[in-house]
Amino acid sequence: MYKFNRSFDDGFPNLFINNEQDIRGQHVAFLASFSSPSVIFEQLSIIFALPRLFVALFTLVLPFFPTGSFERMEEEGDVATAFTMAHILSNIPISRGGPTSLVIYDIHALQERFCFGDHVLPCFETGIPLLKRRLHQLPDAENLDKRDGTPKDQLSSIKQTLKELQCKREERMKEFCDIQSQIIQVHEAMHGSVVDGQIVDDKDLTAKRLRELKLVLQGLQSEKKRNPRFVPVYLNVYDLHPINGSIHWLGLGLYHPGIQVHGVEYEFGGHDSPSTGIFRGKPRECPGLMFRMSILIGRTDLEPHEVHKFMEELSKSYTGTSYNLITKNCNHFCNDVSLRLTGKRIPCWINRLAKISEQLLL
């Protein structure tokens, strides 16, 4: 019904009611959610605006009355927050058809009806019968305690069942997340990019949706088997100096790249030993450097052992003592590896500053 455009500079919400012409002369019901203080002001603003749009009748449904447990004062200084909320809601503007109908579920004290003013018509309901009816539709409904009594007694009788349902929901959510993780990994390995959007919706944890995701995963795994030598190659770029934030838009910067393939990142660095200067590590986690971005260079048909063998051969020319900041640095190494694995060069801006320096030294 309404949309949250953006916040003003002071942090308060900028709100807009959609299709206000369509609700003129209509009976409008607003389902509110006061579960968090951060959204109460936003929703109150809409609640106070709707009756002024010439609606015939206005009904406010409040499944949860957030301050319903503090309606009395036991000592001087206590603040009866339930009365404060009731006083605010009592000042909802009157619509064309009369006072607002205020339907509140499971408020624990019936006498709180008298906290509300004459501009609203409070009606207290309970959702416990609806909850019990839904629980009795579950496969293990025979385990439910069918005792009657007050809403509080009924809620206590199904407390254990609610705990079991919560545990089952958490197990189902874990199963969904595991499948989502596998889908992302297979998709990234095959196509070099993550899946757009969130796969798992915590509002849809049905068995049907779970079967759909499993079919998606099976399809991706089958496609991967048909193309087993289809592996992405990434260039992971790190900032060597904070100045990159100011000169990156000029196509310049001090960067340290690494080549990622088969879940391993290969890099090159100098040291005083004639041994290899090539080292391997976890992707995007080069110690002491700030990760900037990951670039998909291409794909390779080399298996992990073939990549390892290639790196061993390359290490003979890329020793620790052969490192030169201008003529043979980590950028040159990544470019050579990229050409061998994908047939493509790395972006020229990665090593542009070194090339400029080389020209100046000629």
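1. Start with the largest nonpolar core of this predicted model. It holds 27 residues. Phe34, Ile47, Leu50, Phe58, Leu60, Leu89 and Phe116 touch the most other members.

2. A second core stands separate and has 26 residues. Its members include Ile259, Ile297, Met311 and Val337.

3. Next, look at the open sheet of 5 strands. The edges are β10 (278–281) and β11 (290–300), each of which pairs on one side only. From one strand to the next, the twist averages 30 degrees.

4. Strand β7 (residues 231–239) is joined to β11 by 9 bridges, and the two run antiparallel. Tyr238 stands opposite Phe291, which belongs to β11.

5. Which strands does helix α8 touch? Helix α8 (residues 304–314) packs on the sheet and touches β8 (255–261), β9 (264–268) and β10. The direction of α8 makes about 150 degrees with that of β10.

6. Helix α9 is the other one to check. It spans residues 330–342 and lies across β7, β8, β9, β10 and β11. Helix α9 runs at about 25 degrees to β8.

Definitions and conventions
Residues are numbered from 1 along each chain as its sequence is written. This is a predicted model: local features need pLDDT of at least 70, side-chain atom pairs count only at pLDDT 80 or more; totals for chains, interfaces and linings use all residues. Side-chain values use heavy atoms; hydrogens and water are left out. A nonpolar core is a set of buried Ala, Val, Leu, Ile, Met, Phe, Trp, Tyr and Cys residues joined through side-chain atoms within 4.5 Å. Buried means under 20% relative accessible area, exposed over 50%, partly exposed in between (1.4 Å probe, protein chains only). Two strands pair if DSSP finds at least two bridges between them. Helices (H or I, at least four residues) and strands (E, at least two) are DSSP runs, numbered from the N terminus. Axes are lines fitted to C-alpha atoms, for helices over the stretch in contact, and angles run from 0 to 180 degrees between N-to-C directions. Contact means heavy atoms within 4.5 Å.
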